[in-house]
Amino acid sequence: MDDVRARITKDGIRIYEDADFAGMRTAGRVAAEILDAVVPLVVPGATTGAIDDFITEEIRRRGVTSATIGYKGYKHASCISVNHVVCHGIPGAPIPMSKSETISRDLEKRRKDDVLRDGDILNIDVTVIVDGWYGDTSRMYVAGKPSPMAARLIEVTHEGLMRGIAAVKPGNTFGDIGHAIQAYVEAQRMSVVRDFCGHGLGRVFHAPPNVLHYGRAGSGPVLEEGMFFTIEPMVNLGRPETNVLADDWTAVTRDKSLSAQFEHSVGVTATGCEIFTLSPAGKFHPTWG
Ligand code: MF3
Ligand code: CO
Ligand code: CO
């Protein structure tokens, strides 16, 4: 038996056993399959409310549980964060207006609904519970065709996540993960959000440690085989600061610049890591025509 490994580190991080990887693998796959199934729905004219309804139905149909419905009073099966919304966008709620929409005197151009428009970029974040295990993943989608800068932001954010994941192996530290992401993103003249972070997970949604997406190499707790956590960098085209709107959920960039995010749930193995939330259909990174 591998039970000898099960323990909590001095930083409060749970070390899981070999057998626990199977539970995370299944939960992560279900979450990723649901994000795959959403792809054809994300088109100009679609509403975020209808996308969330579809996700709710996919969760029900699979006989699994949403981790977000009822979590701290949240009522939806997904977070849908459009354009300058950084994270925790509420599906079905009016999409916050961008700077140009806000100042536009053309009332037709102003948003009052949750309808996606051509060129909108959005993150959809789904967390499911399967046999007690949590699978948490998010990725970017595009309604129609993105602007060149939006496409570049998506590319850099995805690459930032992958560089963070490449730093995951026993003996490295959480600071090494954050440093890998920050060094890459800032070299592209974009910024890493500081106000939200990744998290330990497993049989719980949010557990120690806070997984920062910035930091100093060699700082923070040392990674050990059997740790489960998310890496979920949010990257802004402009400055990193955020505001939370009056709904107490929706986080936006303070300067209203575009923001992107990708999230995987991972487990540390003897030699590196296993990504639990890989897209079975190979659709993690969006494409556009
Ligand atoms: N899935 C998000 C995360 O990555 C958390 C969403 S909590 C909610 O940690 F309540 F906003 F849904
Ligand atoms: Co998460
Ligand atoms: Co998430």
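Reader: Which residues touch the most other members in the largest nonpolar core?

Author: Val42, Ile55, Leu116, Ile124 and Val128, out of 35 residues. A nonpolar core is a set of buried Ala, Val, Leu, Ile, Met, Phe, Trp, Tyr and Cys residues joined through side-chain atoms within 4.5 Å; buried means under 20% relative accessible area (1.4 Å probe, protein chains only). This is a predicted model, where local features need pLDDT of at least 70, side-chain atom pairs count only at pLDDT 80 or more, and totals for chains, interfaces and linings use all residues. Side-chain values use heavy atoms, without hydrogens and water, residues are numbered from 1 along each chain as its sequence is written, and chains are lettered from A and ligands numbered from 1 in the order in which they are written.

Reader: Which element gives the largest share of this core?

Author: H1, with eight residues.

Reader: Ok, metals. What are the protein donors of the cobalt ion (ligand 2)?

Author: Asp136 (OD), His199 (NE2), Glu232 (OE) and Glu263 (OE), at 2.0 to 2.2 Å. Donors are N, O and S atoms within 2.8 Å of the metal (3.2 Å for Na, K and Ca); water is not among the atoms, so sites may look incomplete.

Reader: Which residue coordinates both this ion and the cobalt ion (ligand 3)?

Author: Asp136, and the two ions are 3.3 Å apart.

Reader: His199, buried or exposed?

Author: His199 is buried, at 5% relative accessible area. Glu232 is buried as well, at 8%.

Terms used
Buried < 20%, exposed > 50% of the residue type's maximum accessible area, 1.4 Å probe, protein only. Helix = DSSP H or I, 4+ residues; strand = E, 2+ residues; numbered from the N terminus.
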